Structure formats: structure tokens, C-alpha cells
Amino acid sequence: MLPLTLLNTSQGHPMLVELKSGETLNGHLVNCDAWMNLTLKEVVQTNSDGTRFFRLPECYVRGNNIKYLRVPDEVLDIAREKNQQQREEQRKSNQPQRGGYNRQYSSSGQRGGYNRNRGGGNFGRGGGQFQRGGRGY
Amino acid sequence: MENTDPSLLPSIIFTTAAQLVDCVDKKLLVVLRDGRKLIGILRSFDQYANLVLQETIERIIVESMYSDIQRGVYIVRGENVVLVGEIVSFTLFFGSVAFDLLLTYLNLKDPEKENSIPLREVSLDEIYAAQQDEIDNRRRRELTKNSKLIDIGFSIDTQQEDMY
């Protein structure tokens, strides 16, 4: 599970964000995107010395200013569970249409023309396979 | 290009984030641009070298003292990473040639100190005090240096806060 996937699953959880400037933001993650831009709510902001505190009802952080994020331990477990579930669902959705012969060709990309003629079903499966191969390490 | 034996491929050393594949699920030392040292288990990473660290501790080192703080799960933004290194367990390291070299390098190779670890652990209060002293000293040095530089005609427009 990729760092940004983990960030996504942290939505709704409390987290600590430290900016490059050394300021920290403590709050609940509302939303985030592929650039690590964040929206937080119920935020406590501290200055870089940790001497002053500000309460903000909500705030937006542009991703490039982030140094690191600290998330609760349990978020890792939740992310792992979700990952497992997704994989299971994908496997199930692949099973009913068992066309081993076609699937092989669609995933390898050879004879694409032939497969395209066989309709959209193959495409969906091909995409699924691509995702599986491309994920992670 | 006559040598295309596929078994040779693993010997290519990637100097990109792909290199980190070998480090997944291992205990790593991560140094950040602000000088912070994090020690944790690498759980995942991406093409920007964004890292997920689990069971992380932050180690503050001042001179020959250190102290650890339990921190938990980190998502480190790749830009801020200076180096990532795998930690070989000390029992393996201890007594090895590398350890011997390190001791020689650190001038610790006298018979009495032979078995001593170069760093000693101190309490958090102590390390914070030492760290603050270090920061104050650095700031003072910087001020003196700057005023001298201004005296001889240089202009100063940056403060050296970033280590890298």
C-alpha cells in the first residue's frame, strides 16, 4: 500500500502535519489528493518554536509545504485490511468470466486487435490485471 | 551490447527510489533535511521516495549523547529525505571489521574503550538542554561571523537554518 493510499485511508482520523518551516498542525484529515494537498478540521497550529498555539476551525495545506505527517498506528492496519478486501473483490469479479485463453492475450497486450473485436468484457479484465501488476513493489 | 545475460540484471544498481525495494520491512535510519534522525521500519514508498515508517523513534544526538523518543507511524514527504540506510543489528556489527574501523576512525581504539559504544544514552531533559545549547552556540557563531563579514564588505541576506 503506497504512502498516498495510506494518507487517503487516514481521512477522518486525527493527524499531525509538520511543515517545512517547522510549524505543526494537529487536526482531523478531511480530504487529500495526489499532490498531498490536505484539508484539515479542528486544527491546533503551533509556531516553529512550539511556543505559540492557534486554534483554526479548518485549514488547507498545499502539499509542497509538508515535511512529514504522523498518523495513528491503527490506520496502517485499516489500510492493510482495505487493501486485502479490494484484492478479494477483484478476484471474485474476475472469476465468473473464466476465459483463460482470452485473458492471457489481453493482459500481455499482444494481438490487441483480436481481443478488441471480442467486446468490452476483456478490456475490463485487462485493466484489472494491469493494476495488479503495477501496484507496489 | 554483447553481454545481455539476464542473470546480470540484478547487479545494476538503481540510484532512484527503486533502490528502496530491498529495504521494505527492514529497520532503517532516515535523515531529514532539518537534521532529524528517524529510525523505523519501512513499510512502503513511491516514486518520490515518500516513505511510510512504522514503530518509528526519533533519535536526538548531541555530541556523544543521544536520546530516543517513541513516535509511531510517519509518512515522510520524499523531498525532505537526505539519506536512508539499513540498520545492521549491533550484535552483528560489534566485533566486525567495520566496527573496528569505526573505532579507529573515532579515535576510540584504546584498550579501555575498546568495548564501549561511541554514544551514551541520556534522559530527554538532558538531551533537550544540550540541543538548545548547541542551537544557541550555532546562532551566536553565526552572528559573530556575519558581523565580521559585514565589516569587510559582504552583505548577508540569508540565515543558515537549513543544513543542506
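In chain B, 51% of the contacts with a separation of 6 or more are accounted for by residues 24 or more positions apart. Of the 164 residues in this chain, buried residues make up 15%.

The structure described here is a predicted model. Its scores are ipTM 0.74 and pTM 0.71. For chain B, the average pLDDT is 83, and 77% of the residues score at least 70.

## Elements of chain B

Chain B contains 6 strands and 3 helices. Read from the N terminus, these elements follow the order β-β-β-β-β-α-α-β-α.

## Helix α3 of chain B

Helix α3 of chain B covers residues 124-151, which is 28 residues. From its first C-alpha to its last, the helix reaches 40 Å, close to the 40 Å expected at 1.5 Å a residue.

How many of the 28 residues of α3(B) are buried? The count is 1, and α3(B) is accordingly described as hardly covered. Just after α3(B) comes B:Gly153, whose phi is positive, at about 100°.

## The contact between chains A and B

Chain A contributes 18 residues to the contact, and chain B contributes 19 residues. On the side of chain B that touches chain A, the elements giving two or more residues are β2 (37-45), β3 (51-62) and β4 (65-76). Which of the elements of chain B provides the largest share of this side? That element is β4(B), with 6 residues.

Sorted by class, the side of chain B that touches chain A has 4 charged, 5 polar and 10 nonpolar residues.

## Strand pairing across the two chains

Strand β4(B) also takes part in a pairing with chain A: its partner is strand β5 of chain A, residues 66-71. The two strands pair in the antiparallel sense, over 4 bridges.

## The annotated span of chain A

For chain A, UniProt places the feature "domain: Sm" at residues 2-75, in an unreviewed entry. In the model, residues 2-75 of chain A are 53% strand and 14% helix. The end C-alpha atoms of that span lie 13 Å apart.

## Summary

In this predicted model, chain B touches chain A through a side to which β4(B) gives the largest share. Strand β4(B) pairs with β5 of chain A in the antiparallel sense. Helix α3(B), by its count of buried residues, is hardly covered.

Methods
Residues numbered from 1 in each chain as written. Chains lettered and ligands numbered in written order. Predicted model: local features only at pLDDT ≥ 70, side-chain atom pairs only at ≥ 80, totals over all residues. Contact = placed C-beta atoms within 7 Å. Nonpolar A, V, L, I, M, F, W, Y, C, P; charged D, E, K, R; others polar. Pairing = 2+ DSSP bridges. UniProt positions renumbered as here; feature names shortened; annotations may be inferred. pLDDT = per-residue confidence, 0-100. Expected span 1.5 Å × (residues − 1). Buried ≥ 20, exposed ≤ 12 C-beta atoms within 10 Å, placed from the backbone.
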